[in-house]
Amino acid sequence: MYELRDVMKRYTQKNRIVDALRGVNLTIGEGELVAIQGPTGGGKSTLLQLLGAMDRPTSGSIALDGLELAGLSESARTDVRARTVGFVFQGFNLIPTLTAQQNVETGLVPLGLGAAERAERAAQALADVGLAERAAHMPDELSGGQQQRVAIARALAKRPRVLLADEPTGNLDERTRDEIMAMIERLWQDQGLTIVIVTHDSWVARRAQRQLWISDGVVTEKTGGRGPKASTATVR
Amino acid sequence: MTLGWDVLLPILWESLGETLYMVSVTLLVGGFAGLLLGLALYTTRKGNLFASGPGFTVLNVLVNIVRPIPFIIFITAIGPLTLAVVGTTIGTQAAIFPMTLMATFATSRIVEQNLVALDPGVIEAARAMGASRLRIVATVLVPEALGPLILGYTFLFVGIVDMSAMVGAIGGGGLGDFAIVYGYQRFNWQVTFITVVVIVVIVQLAQWLGNTLARRVLRR
């Protein structure tokens, strides 16, 4: 799915040079559920931004299904985000003036679908996350867990191949966190998605098939994850 | 001699028409140009959709230079430009030009300030969804800030009425002209007073309309 070679990302922040990523080499297979952990400022979110074609690396190569993201123009990357990648954030980031249904539909607008098909797909996506009867609610009428489920529906309604989640359970209590993770795992198994989750939470990371550690801009493999997808039934 | 209201009333009526004309054109043209300039100011900021250090600096300095100029001085200062564009520096048409320019710069700051209050997470989410930058501007930035923007435009309206009264001082016509020529210069305080009442009524109506619209939009 992903093939990263010598990926570097350098920012200039108030005349100070920050090397967020210093030579990342990484392969993520199709259908993998990967967790990325590491200290704040270690490069987790930067890596996720690059995987999601939100930003370009300073140097190195990032291939998504053979498509080189590093050299793509803003509009070509916009297209990749519209079709291939779904994003979920810690703060849900729903549009506060739109209903749950309308929020999910916004995720389909860049695909150029007609209004009827958008409505139908959005309703289906909300049903998939168990919120069919909340479609007409505004975000502030929903609990945190429900808002995150709407955000997941928004990310998945376009049927992406990859779901990237940046601290998706960071704002949730433990019980809601467990519910959201169970749902993400179910969607992973049902839809054959490739999922990358950035998290501070070791409990969340341990549910992943594969755990990566990133600190000081360098990625290392952690052992002790769930193992290959075939044995997802048991947590090792 | 003091003119009677049989003479003054038609002139007041005509002046009111001129003021409403100047204010409407300024609000529409300056409001729209100011919206674009405000969006440009906001989106060229660091880390934003069209982030550009030089672009932002140029716009920011330009707005900062123009906005603090007292309007009555601004009118005369850009006189040559008005002459070149409109063909004259006297009359209602000539007054609209500096009014629109000043309104554009004033609006841009109001727009920028309302956009800064938006949650950047929502913009990030829209980008992540694959919405193009222009689509984000049109479907996220403007609609999400619409309620406060309407209140901002209402605030701006009062400022434009103020400007329209000031252009009276340089032969721009309108209620300001009326109050100066028939009130102040003829020591007719009644005329000045009635003009004030008319302006207060216009502003009250505009404020009421703006509040109503904003409330409706915010309650979506």
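Analyst: A salt bridge is counted here when a side-chain nitrogen of Lys or Arg lies within 4 Å of a carboxyl oxygen of Asp or Glu. By this rule there are 19 salt bridges over all chains. The model is predicted, so local features need pLDDT of at least 70 and side-chain atom pairs count only at pLDDT 80 or more, while totals for chains, interfaces and linings use all residues. Side-chain values use heavy atoms, with hydrogens and water left out; residues are numbered from 1 along each chain as its sequence is written, and chains are lettered from A and ligands numbered from 1 in the order in which they are written.

One salt bridge within chain A pairs Arg161(A) with Glu30(A), with 2.5 Å between the closest N and O atoms. Arg161(A) sits in the loop between H5 and S7 of chain A and Glu30(A) in the loop between strand S2 (16–28) and S3, so the pair ties together parts that are 131 residues apart in sequence. Helices (H or I, at least four residues) and strands (E, at least two) are DSSP runs, numbered from the N terminus. For accessibility, buried means under 20% relative accessible area, exposed over 50% and partly exposed in between, with a 1.4 Å probe and protein chains only. Arg161(A) is partly exposed at 33%, and Glu30(A) is exposed at 52%.

Another salt bridge joins the side chains of Glu32(A) and Arg210(A), at 2.9 Å from N to O. This pair also links distant parts of the chain: Glu32(A) is in the loop between S2 and S3 of chain A and Arg210(A) is in strand S9 (residues 210–215), 178 residues apart. Both Glu32(A) and Arg210(A) are buried.

A local case is Arg121(A) with Glu117(A), whose closest N and O atoms are 3.8 Å apart. Both residues lie in helix H4 of chain A, 4 residues apart, or about one turn of the helix. An α-helix has 3.6 residues a turn, so residues three or four places apart point the same way. Arg121(A) counts as buried, at 14% relative accessibility, whereas Glu117(A) is partly exposed at 38%.

Salt bridges that share partners also join Glu74(A), Arg77(A), Arg81(A) and Arg127(B) into one network. The link between the chains is the salt bridge of Glu74(A) and Arg127(B), 4.0 Å from N to O. The rule finds 1 salt bridge across the interface of chain B and chain A. It also finds 5 residue pairs in polar contact there, both residues at pLDDT 80 or more. A polar contact is a pair of N or O atoms within 3.5 Å; within protein, one must be able to donate a hydrogen and the other to accept it, and residues adjacent in sequence count only if both atoms are side-chain atoms.

On the side of chain B that touches chain A, helix H6 (120–128) and helix H7 (133–144) of chain B each supply at least two residues. H6(B) gives the most, with 6 residues. By class, this side has 6 nonpolar, 3 polar and 8 charged residues; the nonpolar class is Ala, Val, Leu, Ile, Met, Phe, Trp, Tyr, Cys and Pro, the charged class is Asp, Glu, Lys and Arg, and the others, Gly among them, are polar. In all, 17 residues of chain B are in contact (heavy atoms within 4.5 Å) with 22 residues of chain A. The two chains bury about 1,700 Å² between them, 55% of it on carbon and sulfur atoms. Buried area is the accessible area (1.4 Å probe) lost when two parts are put together, summed over both. In chain B, Arg127(B), Ala128(B) and Met129(B) lose the most area to chain A, together 37% of what that side buries.

Chain B itself has 10 helices and 0 strands. Of its 220 residues, 47% count as buried. Its C-alpha trace spans about 75 × 40 × 25 Å along its principal axes.
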